[in-house]
Amino acid sequence: MLPSTKSARVNRRLVLTLAAGVVCGFLSACLFITATRDMPHMLYWFPTGSYRDPHHYSQLEREVGPDVEVSFHGNDEDFHKGEDRVAQEMAKKVRVLCWVMTGPKNHQTKARHVKATWGKRCNILLFMSSVEDPSLPTVVLPVKEGRDNLWAKTKEAFKYTYENYKDKADWFLKADDDTYVIVENLRYMLSPHSPSSPLYFGCRFKPFVKQGYMSGGAGYVLSRESLRKFVEEGLPNSTHCRQDAGGAEDVEMGKCLERVGVRAMDTRDLHGRGRFFPFVPEHHLIPNHVDKDFWYWKYIYYEAKDGLDCCSDSAVSFHYVSPNMMYVLEYLIYHLRPYGINHAIEELPTGSDRPARR
């Protein structure tokens, strides 16, 4: 064989190999785009070239809270005594069960800080996991851990809640272990509504479900009747609820609830400002902090603003809250008092299942 002929064959082989590599890479990219385009919590590619998404759960993986108990005023009940009288009365009338999605690796790094802060204001507080931990304590569900099993875990958690607590609460909140909830404002928002009506509340997104669905991370609330419909009518029926473990938990919940006649509610205040938020306060309050090309602006059901007009004075929840920030929010909301400022108690809203707009 002539050297030139051999060289030509080698070159052709290299060209074919390169072409095959390009084709495979292109097909792989297409598959990746197809697999992720419908995911509401996709990773965001910032124009700066950094691939860090500050609105993504992975950014809290290394966050740890204090390793000692954080006490306010030495836990002396005489401080702020009597200030929560109205809230205490409301807690008797609007009973809220809170269940928190957690897992073994988060019991002591995240869940215990929920218990030490906002969780103690729920009428009933449950931690849903797959491993027993008496310090919380946890409810052990027969589900594997991991993000691929969140829908399965959610179904089992609501089933457990219904079977054991359906008559002990009026409203049933699902939250993550990096969600911070102002429970008093939740009760205030829920007070004009009947737990016997099939309603659910949260941060409303618009794709995938005709009436929209509620963000899982911001937390969502089911009425007692919604919980009954979900467990008795939805879960046993494959035409209503997805039967396997797959799918995005909040999207699948939205689809299932819509099919059994549960209404997704408008949770904005009278000024059109949101109450449930999928990110930390900073990312909503600071103008242009969240790039306008980010998925959030395409998903949010109602027109939303950033800056100080973003958020209701009676905001309910924030997500991706680090353990340390749990205590910062606890202090700012429940202990810091600007001298000379008196916060008057508003009258409770009245009326039907949707408050009127001003």
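Hi everyone. Let's begin with a word we'll need: a residue counts as buried when its relative accessible area is under 20%. Please keep in mind that what you see above is a predicted model.

My topic today is the disulfides. A disulfide is a covalent bond between the sulfur atoms of two cysteines. How many disulfides does a search of the whole structure find? It finds three.

Let's start with Cys241 and Cys256, whose sulfur atoms are 1.6 Å apart. This pair links distant parts of the chain: Cys241 sits in the loop between helix H6 and helix H7, while Cys256 belongs to helix H7, 15 residues apart. Is Cys256 buried or exposed? Its relative accessible area is 0%, so Cys256 is buried. Cys241 is buried as well, at 1%.

Next come Cys98 and Cys122, with 2.0 Å between their sulfur atoms. The torsion about their S-S bond is about -95 degrees, so this disulfide is left-handed. Cys98 lies in strand S1 and Cys122 in the loop between helix H3 and strand S2, so the bond ties together parts that are 24 residues apart in sequence. Cys98 is buried at 0% relative accessibility, and Cys122 is buried at 8%.

Then we have Cys310 joined to Cys311, S to S 2.1 Å. Here the torsion is about -85 degrees, so this disulfide is left-handed. Cys310 has a relative accessible area of 7% and is buried; Cys311 is buried too, with 9%.

To put the picture together, count the bonded cysteines along the chain: the pattern is 1-2, 3-4, 5-6.

Terms used: Residues numbered from 1 in each chain as written. Predicted model: local features only at pLDDT ≥ 70, side-chain atom pairs only at ≥ 80, totals over all residues. Heavy atoms only, no water. Disulfide = S-S within 2.5 Å. Helix = DSSP H or I, 4+ residues; strand = E, 2+ residues; numbered from the N terminus. Buried < 20%, exposed > 50% of the residue type's maximum accessible area, 1.4 Å probe, protein only.
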